[in-house]
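The sequence and the structure are shown first.

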Amino acid sequence: MLAAGLSVIFGLMDVLNLAHGSFYMLGAYVGLTVLGVSGNFWLALIAAPVALGVIGALIEVVFFRRIYREGHLMQVLLTFGFTLVFVDLIRWRFGPQTHSLPTPPGLEGAVHILGVSFASYKLFVILFASVVALGLLLAWRRSRVGAILRAGVADREMLGLLGIDLKRVFTGTFAFGAALAGLAGVVVGPYLGVYPGMDESILVLVLVVVVVGGLGSIEGAILGSLLIGLANAIGPLVLGGFEAASIFAVMAIVLLVRPQGLLGRRQ
Amino acid sequence: MNLSTNSVTVRFGAVAALQNVNVKVASGERRAVIGPNGAGKTTLFDVITGQRRPTSGKVLIDDADVTGFTVWRRARLGLARTFQRSTLFANLTVAENLAIAIRSRLKVGSRIWPGRLEREVGAEVSSRLEMARLPALRHRLAWRLGHGERRIVEIELALARDPRLLLLDEPMAGLSGAEREAAVTRLRALPEAVTVILVEHDLDVVFAIAQRVSVLDHGVLIADGTPAEIRANRRVQEVYLGGAD
């Protein structure tokens, strides 16, 4: 979910958004707050993407719009600045400790499948992520907006010449990417915890996924996540304590064979 | 739709790509812009579409100053263009390419329930592919098209905006003789109200389509007149007709 947003934002808008991890963290904290007030996990699951969509749209309109022409260095500086500001704001408001999001009622237990037991919530996460991935894929391939985004990744100048308002497309894309990141933050909250710094740990992983999958492609983001997820799970078993090495090894191999990523756009 | 440029100058550092260019194109006119490579023809197109801001001077569309307008705002006024490089969305099918332009024109994007309009879009895609004599290519991905097919779809993509002012940047480059004839026929069949500005090296094509011709050389407009006048102009013969081209 994170990779899809980051990949399309980069592919379409040519913006490297290091603050994408912060959106994920902010989503988790919005979830935490809403859950604290209402006690309802599902409400938190809806509130986080809505809040992050609004925050994303504001940030795009106020800050990003000014720096599209300034090149990647400016973007990296600005978005890195955002990560520092957000993490400090969170520390100031919520403290440095790890909070846990309670598992929603009905999903606390375990499910036994073929004699192996799985935490119900993890199964829910897998199911939820699959549904979101499928929805994204359908929208990307079949919808009108999907066609405009795919076209924009190929040639956004031409999109403007066809009379499409690029500012609106950019703001919408950025807000939607932020909303997806916020949603992901809430979903993983119950088993990864909510803490300042969760943004950094996920950002590296997501960047690797995006590079492996190929920029500007939802299919690439999905394939990349599966591959890196597998490497992350199998790596420690094979290499023992080298899980970080295993995902970067996958990335290095992919980059050697296909520098544009597995499903990256044709240059 | 009429168009004029008022003393348009574009500088890249010390180099002036266009110097004080004044062009007036009447509504419904077929105008060709010719000149050697590097004369500033494409830069002139970029200034008209809004892809490049002039260093000084103004662009007027239907007598209104549009110099500060964005690319898409001008496109919505009824301006469309093609490029020398390929500009189809490579990862989309031919039908999807055309549909984006048609939807943008019909403003389908702002409808919540576009059912009826979407059927119109589909029907128009079919009829445009018929007109371009390429119905079999509907579901082909754009990057799989041959060079000639691609150029013709590009022209059709520009036409799908139903433009009132159409800018064509070397549309015939790389086309075979038969493709060239088909493209000339297609362009001559455009509604009379459409204003066309054409950059083209093939002078047979220029004289077959254009009512007036403007000649650029090193960013300066050196002649402007009917095809017969241009053919007879000594300065044009020196820099262009008799030159390396």
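Two residues are taken to be in contact if their C-beta atoms, placed from the backbone, lie within 7 Å. The model is predicted.

**Gly163 of chain A and the contact with chain B**

With that cut-off, and not counting residues up to four places away in sequence, Gly163(A) touches Trp72(B), Ala75(B), Arg76(B), Ser104(B), Arg105(B) and Arg161(B). Gly163(A) sits in the loop between α7 and α8 (166-192) of chain A. Is Gly163(A) buried or exposed? A residue counts as buried if 20 or more other C-beta atoms lie within 10 Å of its own. Gly163(A) has 24 other C-beta atoms within 10 Å and is therefore buried.

For the two chains as a whole, 18 residues of chain A are in contact with 24 residues of chain B. On the side of chain A that touches chain B, the elements giving two or more residues are α6 (144-154) and α7 (156-161) of chain A. Of the elements on this side, α6(A) gives the most, with 6 residues. By class, the side of chain A that touches chain B has 9 nonpolar, 2 polar and 7 charged residues.

**Helix pairs in chain A**

| Helix pair | Axes come within | Crossing angle |
|---|---|---|
| α2 (residues 20-38) and α4 (residues 72-94) of chain A | 9 Å | roughly 20° |
| α3 (residues 41-62) and α8 of chain A | 7 Å | roughly 145° |

Angles under 35 degrees count as roughly parallel. α2(A) and α4(A) are therefore roughly parallel to each other, and their crossing is left-handed. In this pair, Gly21(A), Ser22(A), Met25(A), Leu26(A) and Tyr29(A) of α2(A) meet Phe82(A), Thr83(A), Phe86(A), Ile90(A) and Phe94(A) of α4(A). The contact of α2(A) with α4(A) consists of 7 nonpolar, 3 polar and no charged residues. The crossing of α3(A) and α8(A) is right-handed. The contact of α3(A) with α8(A) has 19 nonpolar, 6 polar and 1 charged residues.

How many of the 19 residues of α2(A) are buried? The number is 15, so α2(A) is largely enclosed by the rest of the structure. The end C-alpha atoms of α2(A) are 27 Å apart, which agrees with the 27 Å that its 19 residues should span at 1.5 Å a residue. Just after α2(A), Gly39(A) takes a positive phi of about 75°.

Helix α5 (residues 147-159) of chain B has 13 residues, and its first and last C-alpha atoms are 19 Å apart, close to the 18 Å expected at 1.5 Å a residue. The buried residues of α5(B) are Arg151(B), Ile152(B), Val153(B), Glu154(B), Glu156(B), Leu157(B), Ala158(B) and Leu159(B). Their cover includes β6 (79-81), α3 (94-106), α4 (115-131), β7 (165-169) and α6 (177-188) of chain B.

Val33(B) belongs to strand β3 (residues 30-34) of chain B. With 28 other C-beta atoms within 10 Å, Val33(B) is buried. Leaving aside neighbours within four places in sequence, Val33(B) is in contact with Lys41(B), Leu44(B), Ile197(B), Val199(B), Ser214(B) and Leu216(B). One of these, Ser214(B), lies 181 residues from Val33(B) along the chain, yet the C-alpha atoms of Val33(B) and Ser214(B) are separated by 4.8 Å.

Note on methods
Residues are numbered from 1 along each chain as its sequence is written. Chains are lettered from A and ligands numbered from 1 in the order in which they are written. This is a predicted model: local features need pLDDT of at least 70, side-chain atom pairs count only at pLDDT 80 or more; totals for chains, interfaces and linings use all residues. Axes are lines fitted to C-alpha atoms, for helices over the stretch in contact, and angles run from 0 to 180 degrees between N-to-C directions. Helices (H or I, at least four residues) and strands (E, at least two) are DSSP runs, numbered from the N terminus. Angles under 35 degrees count as roughly parallel, over 145 as roughly antiparallel, 65 to 115 as roughly perpendicular and the rest as oblique. A crossing is left-handed if the near helix is turned anticlockwise from the far one by less than a right angle, and right-handed if clockwise. Ala, Val, Leu, Ile, Met, Phe, Trp, Tyr, Cys and Pro count as nonpolar, Asp, Glu, Lys and Arg as charged, and the others, Gly among them, as polar. The expected span of a helix is 1.5 Å times one less than its number of residues. A residue is buried if 20 or more other C-beta atoms lie within 10 Å of its own, exposed if 12 or fewer, and partly exposed in between; C-beta atoms are placed from the backbone.
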